[in-house]
Amino acid sequence: QVQLVESGGGLVQPGGSLRLSCTAPKNIFLVYTMGWYRQAPGKQRELVAGITTANRTNYADSVKERFTISRDNAKNTVWLQMNSLKPEDTAVYYCNVGRSRLGAPMNYEIWGQGTLVTVSS
């Protein structure tokens, strides 16, 4: 069974930074778009950022200029650098393999287990 390994969540004060990472099997990572999604309590899961194998990116309007998605093919890893965090960024963040960078479901996808990000003073 293919698994994604996520890490990097935690508690941070407003204005602070966190970096999430997600590692996938190499044969999957080199073929598919990677993305980060989040789900806050009582809300639907939403796209945060996506990055293609050609490093084309897409961001939700709410995180533009604050979050950066990047990928390292040598390490099979995608990162989400989150700066200037706000309380409304509090959510469980999920790594995804397979959806388009705009968040459209495709014919194959895998989800990580999720990592909790809490922004609070």
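The count of salt bridges comes to five, a salt bridge being a side-chain nitrogen of Lys or Arg within 4 Å of a carboxyl oxygen of Asp or Glu. The model is predicted, so that local features need pLDDT of at least 70 and side-chain atom pairs count only at pLDDT 80 or more, whereas totals for chains, interfaces and linings use all residues. Residues are numbered from 1 along each chain as its sequence is written, and side-chain values use heavy atoms, with hydrogens and water left out.

**Salt bridges**

- Arg38, Glu46, Arg66 and Asp89 are linked in a network of salt bridges.
- Arginine 38 is buried, at 7% relative accessibility, while glutamate 46 is partly exposed, with a relative accessible area of 36%; buried means under 20% relative accessible area, exposed over 50%, and partly exposed in between (1.4 Å probe, protein chains only).
- Arginine 38 also forms a salt bridge with aspartate 89, and the closest N and O atoms are 2.9 Å apart.
- Because arginine 38 lies in strand S4 (residues 34-39) and aspartate 89 in the loop between strand S8 (77-82) and strand S9 (91-97), this pair ties together parts that are 51 residues apart in sequence.
- Helices (H or I, at least four residues) and strands (E, at least two) are DSSP runs, numbered from the N terminus.
- Aspartate 89 is likewise buried, with a relative accessibility of 0%.
- Arginine 99 and glutamate 109 form another salt bridge through their side chains, at 2.6 Å from N to O.
- Both arginine 99 and glutamate 109 lie in the loop between S9 and strand S10 (110-111), so the pair ties together parts that are ten residues apart in sequence.
- Glutamate 109 is partly exposed, at 31% relative accessibility.

**Nonpolar core**

- The largest nonpolar core has 30 residues, and Met34, Trp36, Val78, Leu80, Met82 and Tyr93 have the most contacts inside it.
- Such a core is a set of buried Ala, Val, Leu, Ile, Met, Phe, Trp, Tyr and Cys residues joined through side-chain atoms within 4.5 Å.
- Among the elements that each supply at least two residues of this core are strand S3 (18-23), helix H1 (26-29) and strand S11 (115-119).
- S9 gives the most to this core, with four residues.
- Leaving out residues up to four places away in sequence, methionine 82 touches Gly16, Ser17, Leu18, Leu20, Arg66, Phe67, Tyr93 and Val117, where contact means heavy atoms within 4.5 Å.

**Threonine 115**

- Threonine 115 belongs to strand S11 and is buried, at 11% relative accessibility.
- A polar atom of the side chain of threonine 115 lies 3.2 Å from the backbone nitrogen of glycine 9.
- Apart from neighbours within four places in sequence, threonine 115 is in contact with Glu6, Gly8, Gly9, Leu20, Ala91, Val92 and Tyr93.

**An open sheet**

- Four strands form an open sheet in the order S1-S3-S8-S7, with antiparallel pairing; two strands pair if DSSP finds at least two bridges between them.
- Strand S1 (5-7) and S7 are the edge strands, each pairing on one side only.
- S1 and S3 run antiparallel and are joined by three bridges.
- Serine 7 has serine 21, in S3, as its bridge partner.

Conventions: A polar contact is a pair of N or O atoms within 3.5 Å; within protein, one must be able to donate a hydrogen and the other to accept it, and residues adjacent in sequence count only if both atoms are side-chain atoms.
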